[in-house]
Amino acid sequence: MRSQVEGFTYYGIDAVVKFGGSLTRDLAATKLLIEGIAACAQLGHRLMVIPGGGRPDKAIEEIDREQPLAPETAHRATAMAQDQTGLILCDRGFSGKLRACETLRECGIALDDGLVPVILPARLLADLDPVEMTWDVTSDAIAAWFAWLVDAPRIGILTDVDGVYKPGSVGIKSELIANISAADLLAMGHTSVDRCAAAWISSRDLEAAVINGRHPERLRQWLQGEAFVGTRVSNGAHREGN
């Protein structure tokens, strides 16, 4: 955990967790993952969740394919899609342990109340304008930016595959990369992590992990410092393994 600096707000967030929008295709799995995240919080981990765009984002992408949208339109619409997905994740039908938040102050209050804040990013993205208006920037990069913003040392990217695979080998168990440097991940281009997120992680003092959200225990294992199936991303030397 980072140390507090006098005069500055300290959130004490252990990790930012990006909840991949692809995981919302299966709502039963979504509920299990939300329960898993809440269980990690009960173990003492202070987490902030960044939602992916999910189904609303797919609708925007479909419209853009039929009628290309102006960059500012697509940028605002996809940020709002993240908000919509975040609101759904916080619905009482899934759990009473997550709270939707539009500001960092609200996130701090939620953490102090023993809840997991789920940031609805559209407002902050519009006000602070941190990313370019391009389809290359996805919620992965936004989650990495939020991790830096709140000075969290780690980011967990929850997706629907087991981690980062060697090029052309997605889903082949023996080709799963267990450990990789952020620089090498960036060199691979767009994988299960978008290229802009890899660049940001590489340029900041962040540890990251790419984890299959359909197995919530893997998130707990990573947070607890245990062995887990997935890909660990560091700023150290490149290492591959299984």
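Buried means under 20% relative accessible area, exposed over 50%, and partly exposed in between (1.4 Å probe, protein chains only). I noted that this is a predicted model, where local features need pLDDT of at least 70, side-chain atom pairs count only at pLDDT 80 or more, and totals for chains, interfaces and linings use all residues. Residues are numbered from 1 along each chain as its sequence is written, and side-chain values use heavy atoms, with hydrogens and water left out.

Entry one: Ile 211. I found Ile 211 in strand β9 (residues 207-212); strands (E, at least two residues) and helices (H or I, at least four) are DSSP runs numbered from the N terminus. Ile 211 has a relative accessible area of 0%, so I logged this residue as buried. I then listed its contacts (heavy atoms within 4.5 Å). Leaving out residues up to four places away in sequence, Ile 211 touches Ile 157, Leu 158, Thr 159, Val 161, Arg 218, Leu 219, Trp 222 and Phe 228. Thr 159 is 52 residues from Ile 211 in sequence, yet their C-alpha atoms are 6.2 Å apart.

Entry two: His 45. I placed His 45 in the loop between α1 (27-42) and β2 (47-51). Is His 45 buried or exposed? His 45 counts as buried, because its relative accessibility is 12%. Not counting residues up to four places away in sequence, I saw His 45 touch Asp 14, Cys 40, Leu 223 and Gln 224.

In α6, Asp 140, Ala 141, Ala 144, Trp 145 and Trp 148 meet Cys 196, Ala 197, Trp 200 and Ile 201 of α8.
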